[in-house]
Each structure stands twice: as C-alpha cells, then as structure tokens.
Amino acid sequence: MNTPESAPTAPSAPSAPSDTELRSWLRAQVAHYAQLDAVAIDTDVELTTYGLDSVYALVLCGDIEDHLGLALEPTVAWDHPTIDALARHLEETLVQASPSGEVR
C-alpha cells in the first residue's frame, strides 16, 4: 500500500449521523485507504484484513475526530477492529458527548 492520505471528508453536520450514515462513512473511509470499492468492504471483518496497519489506523482516528468533532484515543481502531464495533463505540461516545444524552 502507498502512504495514506486523509480521505476527503465532508464538514461535520451539527447533529450526529444516523447509524446507517456512520457505517456508510466508515466503510467509504476504509475503502479509500484499501483502494477498494466500498461494496467490497464488510462491516464485520477486521480492518487489518484490508491491509490497514497502525499508520492507517491513526489516520482513520484523525478523520473520525474531524468528521464527528470528537476527541478519541489513538488506539480506537485497534480497540474496535471492525466497522461494526467501531460504529457502536462511536455511537456510545456521541451519546455521552451529547448535551441531551441522546443521538437522533
């Protein structure tokens, strides 16, 4: 794989993304890094299966922080190694960070 570049990201929306939007965005990010079509990315397969190493995991973490406006541990992609696990963790984090305690 080539050196990772940040995938293009849209500015964060004022409200949290839905579960479907979040998983779709994560799938697109992983597909970008792995140089695959998003449809080739299974959300329940470990990210390392697609060749994502520690460098890509850190870049992904930064992209997530920028996209969602969250501060995350740099190990988040290793601690939650699939898109499904990562999305669940991010949803929980968004709920905790939300002033009302809920996400749309």
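Start by selecting H89 and T93: a polar atom of the T93 side chain sits 2.9 Å from the backbone oxygen of H89. That is a polar contact, meaning an N or O pair within 3.5 Å, one able to donate a hydrogen and the other to accept it, with sequence-adjacent residues counting only if both atoms are side-chain atoms. Before you go on, note that this is a predicted model, where local features need pLDDT of at least 70 and side-chain atom pairs 80 or more, while totals for chains, interfaces and linings use all residues. Numbering runs from 1 along each chain as its sequence is written, and side-chain values use heavy atoms, without hydrogens or water.

T93 belongs to helix 4 (helices are DSSP runs of H or I, at least four residues, numbered from the N terminus). Is T93 buried or exposed? It counts as buried because its relative accessibility is 17%, and the cut-off for buried is under 20% (1.4 Å probe, protein chains only). Beyond four places in sequence, T93 touches L70 and L72, with contact meaning heavy atoms within 4.5 Å.

Now pick L90. Setting aside neighbours within four places, L90 contacts L22, L26, I64, L68, L70 and L72.

Next, jump to T43, in the loop between helix 1 and helix 2. T43 is buried too, at 18% relative accessible area. Which residues does T43 contact, leaving aside neighbours within four places in sequence? Show R27, T82, I83 and D84. The T43 and D84 side chains make a polar contact at 2.9 Å. Finally, draw a C-alpha distance from T43 to T82: 6.2 Å, though they are 39 residues apart along the chain.

Note on methods. Helices (H or I, at least four residues) and strands (E, at least two) are DSSP runs, numbered from the N terminus. Buried means under 20% relative accessible area, exposed over 50%, partly exposed in between (1.4 Å probe, protein chains only).
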